[in-house]
Amino acid sequence: MKTAKKIFKRIGQGFGLVLLLVAGFCAYVAITPPRTYDPPVAPTIQVESTEARIQRGEVIAHLQCISCHADNNNRLTGKRLDELPAIFGKVYSRNITKDKEKGIGNWTDGQLIYFLRTGIRPNGTTAFMPQYNLMADEDMKSVVAWLRSDRFPVQASKTEAPPAEYSFVAKMLAWTILQPGDFPNHSIPMPDSTKPVAVGRYVATAVADCYGCHSADYLDLDKVHPERTKGYFAGGSKFTDEAGKTIFSANLTFDEQTGIGKKYTKEQFIRAVKTGVRPDGSVFRYPMVPRPSLSDREIAAIYDYLKTIPRLNNNIAQKQAEVQLAEK
């Protein structure tokens, strides 16, 4: 009996110690800034700026940079990211113009590429944004060429958004789930342009980052092997629309009941992605916006790729109706 009591006492003491450690860690996270890392050693890369690269970089910027960083004057000085649920706090994007004080004008090409690949800035801080570790080297150089160009959105400006006010949840995520990516130790080629499915996969995962929003949870992605992501392209990630209401991303698999199997022909899919209008005349809801910078060929390739991935039954319309009822 005494032996049993000692065992239970030690178990209780161990459990109490674990609780104390967890509480201490939570307190530390709550009172400190988001996690930082040692300043990285960026690769020595100098990007040659050509008009072709600037134009390609502009296409990618319209997909990835402008919607999150552009102010009301369409200059990339940063803004509040209202589409993120309030549980993350007040999150603002940064100034990424060529200004040397407030923007990225003093960053080297290598530092820019390292940051875009991993999410780690030259000073060791991290960003609450996608990491483009799957993007081809040539497309990455095109993005850098555009950021260095004289295009209006990136012209130097000292305007900047307020500093982010991260919640405890956001800070905890930075210590646990939202880890920086690894810088690739190999070159990444462009996909074979003669293979539409390969092009579609590349655009949907590495350039337009479609899977990041249209899977089960944008905070839980397999950034190395996207197809292993939970609910891959079946939708369900939770966002906030312009009215502050909850909205779920759509199921883009070819499931005939809950996906796009019976809703879109290829031509209808192309028009919807480019214009933001569905075949039935309804309009996409924020944060989904039209993607006119994508070519018909690229969107058609995404459609071809989506036909090849597993069909998942996920009734987003029902989830949306349930949440709307709860929010009334």
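Reader: What do the buried residues of helix 9 pack against?

Author: They pack against helix 10 (296–306), where contact means heavy atoms within 4.5 Å. Buried means under 20% relative accessible area, exposed over 50%, and partly exposed in between (1.4 Å probe, protein chains only). Helices (H or I, at least four residues) and strands (E, at least two) are DSSP runs, numbered from the N terminus.

Reader: Which residues of helix 9 are buried?

Author: Phe 269, Ile 270, Ala 272 and Val 273, in a helix that covers residues 266–275. Looking down the axis of helix 9, those buried residues fall within an arc of 165°, so they line one face. That arc is taken from the directions from the helix axis to the C-beta atoms.

Reader: Why would residues three or four places apart point the same way?

Author: An α-helix has 3.6 residues a turn, so residues with that spacing, three or four places, point the same way.

Reader: And what comes just after helix 9?

Author: Gly 276, with a positive phi of about 80°.

Reader: Before I go on, what sort of model is this?

Author: It's a predicted model: local features need pLDDT of at least 70, side-chain atom pairs count only at pLDDT 80 or more, and totals for chains, interfaces and linings use all residues. Residues are numbered from 1 along each chain as its sequence is written, and side-chain values use heavy atoms, with hydrogens and water left out.

Reader: OK, switching to rings. How many aromatic pairs are there?

Author: Ten. Rings of Phe, Tyr and Trp (its six-membered ring) pair if their centres lie within 6.5 Å; planes under 30 degrees apart count as stacked, over 60 as edge-to-face and the rest as tilted. One of the pairs is Phe 88 with Phe 128, which is tilted, at 5.7 Å centre to centre and 55° between the planes.

Reader: Where do those two sit?

Author: Phe 88 is in the loop between helix 3 and strand 1, and Phe 128 in the loop between helix 4 (109–118) and helix 5 (137–147), so the pair ties together parts 40 residues apart in sequence.

Reader: Is Phe 88 buried or exposed?

Author: Buried, at 4% relative accessibility. Phe 128 is partly exposed, at 21%. The rings of Phe 128 and Tyr 166 also form a tilted pair, with centres 6.3 Å apart and planes at 40°.
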